[in-house]
Amino acid sequence: MNLQWSSELEIGIPVIDSQHQRIVEYIGKVELAHQHHSQAELMEVLDELVDYTLSHFAFEESLMEEAGYPFLKAHQKVHALFTRRVDSYQQQARAGADITDELLHTLKAWLVNHIKHDDRDYGDVVKANMEEATRRVRARKAGWVARLFG
């Protein structure tokens, strides 16, 4: 089953949605490497996927922390467990094991479940914080312009 991005996976925060969409694209590249029977291609894509996902997790966690999301620690633990699991797949692949089918199943199931449940849980808190920050910036800019030209 090829994982496709859809509106069902959106949490309503454009920057996070675009990052999730990019992760879906990486999963598609893992599928292609599997179809090409290329261990080298798989390792390259898997390394890119892991790097991008770690960066995404850090960004997502910083937004939750800034917003005061009360379940940040639990969310960080979920990210850490997933990271260790994928790291294990990387080690097995480096050792020559064919882990691609299991890896793809894990990536797809985890990502969809994580987005639809864990990430949606923080969405409202983070969106409200981002909207408030935007409002403060606009008010500060408007005040500066008003003082300059008022």
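Select Glu31 and Lys108: their side chains meet in a salt bridge, with N and O 2.4 Å apart. Here a salt bridge is a side-chain nitrogen of Lys or Arg within 4 Å of a carboxyl oxygen of Asp or Glu. The pair links distant parts of the chain, with Glu31 in helix α1 and Lys108 in helix α4, 77 residues apart. Helices are DSSP runs of H or I with at least four residues, strands are E runs of at least two, and both are numbered from the N terminus.

A word on what is on your screen. This is a predicted model, in which local features need pLDDT of at least 70 and side-chain atom pairs count only at pLDDT 80 or more, while totals for chains, interfaces and linings use all residues. Residues are numbered from 1 along each chain as its sequence is written, and side-chain values use heavy atoms, leaving out hydrogens and water.

Now show the surface over that pair. Glu31 counts as buried at 11% relative accessibility, and Lys108 is buried too, at 12%. Buried means under 20% relative accessible area, exposed means over 50%, and partly exposed lies in between (1.4 Å probe, protein chains only).

Lys116 sits in helix α4 and Glu8 in the segment before α1, so the pair ties together parts 108 residues apart in sequence. Lys116 is partly exposed, with a relative accessible area of 30%.

Move on to Asp47 and Arg94, a salt bridge whose closest N and O atoms are 3.1 Å apart. Asp47 belongs to helix α2 and Arg94 to helix α3, so this pair ties together parts 47 residues apart in sequence. Both residues are partly exposed: Asp47 at 27% and Arg94 at 46%. Then pick Glu132, Arg135 and Arg136, which are linked in a network of salt bridges.

**Where α1 meets α2**

Color α1 and α2. Their axes come within 9 Å and cross at roughly 165 degrees. Axes are lines fitted to C-alpha atoms, for helices over the stretch in contact, and angles run from 0 to 180 degrees between N-to-C directions. That makes α1 roughly antiparallel to α2, a label used for angles over 145 degrees, with under 35 being roughly parallel, 65 to 115 roughly perpendicular and the rest oblique.

Which residues does His56 touch, not counting residues up to four places away in sequence? Show Ile16, Gln19, His20 and Ile23; contact means heavy atoms within 4.5 Å.

**Into the core**

Finally, select Leu103 and Tyr122, which touch the most other members among the 37 residues of the largest nonpolar core. Such a core is a set of buried Ala, Val, Leu, Ile, Met, Phe, Trp, Tyr and Cys residues joined through side-chain atoms within 4.5 Å. Helices α1 (14-35), α2 (39-67), α3 (72-94) and α4 (100-149) each supply at least two of its residues, and the largest share, 11 residues, comes from α2.

Leaving aside neighbours within four places in sequence, Tyr122 is in contact with Ile11, Ile13, Ile16, Glu60, Met64, Tyr69 and His75.
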